[in-house]
Amino acid sequence: MSGAEYLSGIHSSETQRSTPVGGRMRLFKLNVRNISLLVMPLAVASVLYAQDDCGDECKVNTNVAMVISAPVSSSAQVVGTGWGIVGGAGYNFNQRNAIVSEFMWNRVYASRGALQPLLTELQSSDLRGNTDFYALTGNYRFELRGRTLGTYLIGGGGWYFRNTWLSKEVPSGTGNICTPVWRWFGYSCTSGIVNPNQPPVISSSNSLGANAGIGVTARVGEAPYRFYAEARYHYAPTKNIGTHFIAITLGIRY
């Protein structure tokens, strides 16, 4: 594959069918995710330990946290509340201004009600669907920090990747109304009708997106360790249907 073909594949959405190749791709993605879940907390912890004696004057910032994700807008029509993790590192210009780069993973699940059009077409009640969100972002943080408590605003943007999965192949049939659940799971539509002869099992979409939010901090033990709680809205104009969710984050900052 040439460099141009590779870049074209990265910047376009793709639908993979239930084939051995598709299975290997899904296994690869699962392995990448599992490695990320293991490596990210360890990497952040090592940085935390390395700068243990700089107090509130540290130039390097790090964070690791659990995330509860709440889809909103069009995303909430298909999937419900999910969970994930986030970790990051950045640079403190001073106690008020900092940049933070982060990697986040979230998983959400489609409700039985949202899947109903697919269940009807499949003529079965045995169908599950989930979605993984990945985000790699660069962000600016403005913070007002007291000795014990603090608050901050944060916002930025970056690369967002959404991967959806169905437990069974669901042929699109003919004449199905193009509701959000069809588009979310990778089916294309024309004039409000789902295009026939589409059996996606795994589909993916990626795009640039943005986020903005607010958080609070509280001193935990010796400086500069702080507990933080944050609510941040994320949006990416992914193909077929946009990705909208609020990430509620609880974790430890350095």
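Me: Why is W182 called buried in this predicted model?
Reply: W182 has 1% relative accessibility. Buried means under 20%. So W182 counts as buried.

Me: What makes W182 and Y187 an aromatic pair, and of which kind?
Reply: Their ring centres are 4.9 Å apart. Rings pair if their centres lie within 6.5 Å. The planes stand at 85 degrees to one another, and over 60 counts as edge-to-face. The pair of W182 and Y187 is therefore edge-to-face.

Me: Is Y187 buried or exposed, and how do you know?
Reply: Y187 has 0% relative accessibility. The limit for buried is under 20%, so Y187 counts as buried.

Me: How many aromatic pairs turn up in the whole structure?
Reply: A search finds nine. One of them joins F133 and W184.

Me: Why is the pair of F133 and W184 called edge-to-face?
Reply: Its planes meet at 85 degrees, and edge-to-face needs over 60.

Me: Which parts does the pair of F133 and W184 tie together?
Reply: F133 lies in strand 5, residues 129-145. W184 lies in helix 4, residues 180-184. These parts are 51 residues apart in sequence, so the pair ties them together across that stretch.

Me: How do you know whether F133 and W184 are buried or exposed?
Reply: F133 has 4% relative accessibility. W184 has 1%. Buried means under 20%, so F133 counts as buried, and so does W184.

Me: What sits over the ring of W184?
Reply: The charged end of R162 does, 4.1 Å from the ring centre. The distance limit is within 6 Å. The charged end of R253 sits over the ring of Y152, 5.3 Å from its centre.

Me: Why does Y91 count as partly exposed?
Reply: Its relative accessibility is 36%. Buried is under 20% and exposed is over 50%. Y91 falls in between, so it counts as partly exposed. Y91 lies in strand 3, residues 82-92.

Me: Which nonpolar patch includes Y91?
Reply: Y91, F93, I99 and Y140 form one on the surface. Together they have about 380 Å² of accessible area.

Me: What makes G155 partly exposed?
Reply: G155 has a relative accessible area of 24%. That lies between the limits of 20% and 50%, so G155 is partly exposed. G155 is in strand 6, residues 149-166. Among the residues G155 touches is Y140, a member of the nonpolar patch.

Terms used:
Residues are numbered from 1 along each chain as its sequence is written. This is a predicted model: local features need pLDDT of at least 70, side-chain atom pairs count only at pLDDT 80 or more; totals for chains, interfaces and linings use all residues. Side-chain values use heavy atoms; hydrogens and water are left out. Rings of Phe, Tyr and Trp (its six-membered ring) pair if their centres lie within 6.5 Å; planes under 30 degrees apart count as stacked, over 60 as edge-to-face and the rest as tilted. Helices (H or I, at least four residues) and strands (E, at least two) are DSSP runs, numbered from the N terminus. Buried means under 20% relative accessible area, exposed over 50%, partly exposed in between (1.4 Å probe, protein chains only). A charge sits over a ring if NZ of Lys or CZ of Arg is within 6 Å of the ring centre and within 35 degrees of the ring normal. Patches are made of residues with over 30% relative accessible area and no salt bridge: like charges are joined within 9 Å, nonpolar side chains (Val, Leu, Ile, Met, Phe, Trp, Tyr) within 5 Å. Accessible areas come from the Shrake-Rupley method with a 1.4 Å probe; for residues, only the protein chains shown count as cover. A salt bridge is a side-chain nitrogen of Lys or Arg within 4 Å of a carboxyl oxygen of Asp or Glu. Contact means heavy atoms within 4.5 Å. Lists of a residue's contacts leave out its neighbours within four places in sequence.
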